[in-house]
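Subject: Structure handover and notes

Dear colleague,

I have put the cut-offs beside the terms as they come up.

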Amino acid sequence: MLNYTVRKFDAVIVGAGGAGLRAAIQLSEAGFKTAVLTKVFPTRSHTVAAQGGVAASLGNSEEDHWHWHMYDTVKGSDWLGDQDAIEFMCRKANECVIELEHYGMPFDRLDNGRIYQRPFGGHMSNFGEKPVRRSCAAADRTGHAMLHAMYQRNVKVNTQFFVEWQALDLVRDADGDVLGVTAMDMETGEIVVFHAKATIFATGGAGRIFYSSTNAFINTGDGLGMAARAGIPLEDMEFWQFHPTGVAGAGVLITEGVRGEGGILRNSAGERFMERYAPNAKDLASRDVVSRAMVTEINEGRGCGPNKDFVLLDITHLDPATILKRLPGIREIGIQFAGVDCIKEPLPVVPTCHYQMGGIPTNYRGEVVVPKDGDPNAVVRGFYAAGECACASVHGANRLGTNSLLDLLVFGKSAGETAVENLKAGNKAHKDLPQESIDRTLARVNRLNTQTGGANVHETRLAMQRTMQAHCGVFRFKDMLEQGVAKILDVQEQVRRTEIKDKSQVFNTARIEALELDNLIEVAVATMVSAEARKESRGAHVRDDAPDTAERPNGRDDQNWLKHTLWYREGNRLDYKPVNLKPMSVETIALKKRAY
């Protein structure tokens, strides 16, 4: 068996994107010894790719209110979001953005010196009346600026970073408490148990389960895979957002901020087609609405290009000075990835997998919650999650643009605050490590080191991605989903037999890719099984056998399916829990048809 060492910390955070850095600030400022494990240097985490802004009802350009923001978020979620968590997030938004500003984040400014805000899809004033400027932006590089501001703050408070480390598994004892993680130094292959009294997952999304994705190659669902293997269910994994505007053929993200600044989607006839699908919000409708409209235009023969397989995003009517000031990175992306200067001609765009709404089930305090002994809100002691890997659930069936960066700030801070509170109140000593939990990790790594005659990692990952893309995309069909379940379970068997060719204990990309594939396949199976089981259309999950009717607005079946899905790895089984329709201090936002 492989050797390992143990290192003790008060808290270990897995992931150094926005949520992980924000949680680390809380813990380190409170004086707790905090380790942050990250596969890449913190400022290269995937939050760096967020472009358009962070939502907050500051009202710097026009009147706005957190209650309007809450209404938009509940409506955007297609009523699958928990209204207590949504109220918490929207009420905390202004505080968290101003706090970030005080950390030194260089937001764009209005002439009066206040933070510049732009309109964004689904963000409306006065409970859906008209678009409102709510997105606080740093040009089109908001995530980049955010990471740098928070990383510098962490350096100031002496957070300890472990860069280029791959977390392997949760350490969980017989009581169900989480006592840290096992992890591997990616350069040397050394295995270390990070023994902690608080473990926070901020590992980001898993968009790499799809063939075409805006996600970085590091977005392999590591936190979700580790949680699933430790017996923790994954919530609402059928809901994946396809961003309307990925560069055709490349998948690189073109921010919704382009449409916020006045960009228009056009078909092959040059027609502004969104007026037909969302007469009020037009190009600034919610993302799932715009994505389906684009796919419909393409499927009905009005796509552009030689294969008629994309539409055009047009900002040629904007002042070039505005583009150079507000969207400089987008212009660079267009030139580099599409060979198009957006000042002179429209950008070719197509919907691309972008964001997971589901994840590790948490409450608004950042605590991981798993039903136990009749208690649907039982907390897993010592375990927290925040950001895209978590499901609070504030995004429900569809996330509004700029609520992702807000999610990172609010729930990263909340998880950190809760961990600090529990550390101060709890036992000062670490619990004993359970050897069997560590042995499972060692056996998994050892299998990769010794397996021969198995499946090829790259080919198996490709089979998974093509299966997900073909069977679980923007539009979903009953037969395709049923076939997809059978195919993804077959791929899962191949993953269990994967082999790495170079078994030397030196820096080895193939070994890391094999470990990442162990996590990706858990997410892929959870997604396909959950999607096949949900017999309705809701938000980003749209089935052809659940169309929009008078009895079922938007294809929703609120009587039978207004509930969260919980997928358990053991037995590949599904359970369900009710959506929390009760906010903290205001009236419930009542169910109605979702239209823009």
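A residue is called buried when its relative accessible area is under 20%, exposed when it is over 50%, and partly exposed in between, with a 1.4 Å probe and protein chains only. Helices (H or I, at least four residues) and strands (E, at least two) are DSSP runs, numbered from the N terminus.

On provenance, this is a predicted model, in which local features need pLDDT of at least 70 and side-chain atom pairs count only at pLDDT 80 or more, while totals for chains, interfaces and linings use all residues. Residues are numbered from 1 along each chain as its sequence is written, and side-chain values use heavy atoms, with hydrogens and water left out.

Helices

Helix α1 (residues 18–29) is mostly covered, since eleven of its twelve residues are buried, among them Leu21, Arg22, Ile25 and Leu27. From first C-alpha to last, α1 reaches 17 Å, close to the 16 Å expected at 1.5 Å a residue, where the expected span is 1.5 Å times one less than the number of residues. Following α1 comes Gly31, with a positive phi near 90 degrees.

Helix α13 (residues 457–471) has 15 residues that should span 21 Å at 1.5 Å a residue, and its end C-alpha atoms are 21 Å apart, which agrees. Its buried residues are Val457, Thr460, Arg461, Met464, Gln465, Thr467, Met468 and His471. They lie on the same side of α13, because they cover an arc of only 160 degrees around the axis, the arc being that of the directions from the helix axis to the C-beta atoms. The cover over these residues includes β19 (455–456), α14 (478–495), β20 (498–499) and α15 (509–533), with contact meaning heavy atoms within 4.5 Å.

Pockets and cavities

On a 1 Å grid over the protein atoms alone, a cavity is a set of points where a 1.4 Å probe fits but cannot get out, and a pocket is an open set with protein on both sides within 12 Å along at least five of seven lines; lining residues have an atom within 4 Å of a point. Grid points are joined across faces, edges and corners, and a volume is the space filled by probe spheres set on the points.

The second largest pocket holds about 630 Å³ of space and is lined by 25 residues, of which Asp169, Arg229, Ala230, Glu522 and Arg569 lie nearest its centre. Two or more lining residues each come from β7 (165–172), α5 (222–229), α12 (435–450), α14 and α15, and α12 gives the largest share, five residues.

There are two cavities of 30 Å³ or more. The largest has a volume of about 60 Å³, and its lining includes Trp240, Phe242, Asp288, Arg292 and Val474, with β11 (240–247) and α8 (287–299) each supplying at least two residues.

Backbone details

Most residues other than glycine have a negative phi, and most peptide bonds are trans. Trp79, in the loop between α2 (66–76) and α3 (83–102), has a positive phi of about 65 degrees although it is not a glycine, and Trp79 is buried at 0% relative accessible area. Asn554 also has a positive phi of about 65 degrees, but is partly exposed at 22%. Finally, a cis peptide bond with omega of about -5 degrees joins Ala392 and Ser393.

Best regards
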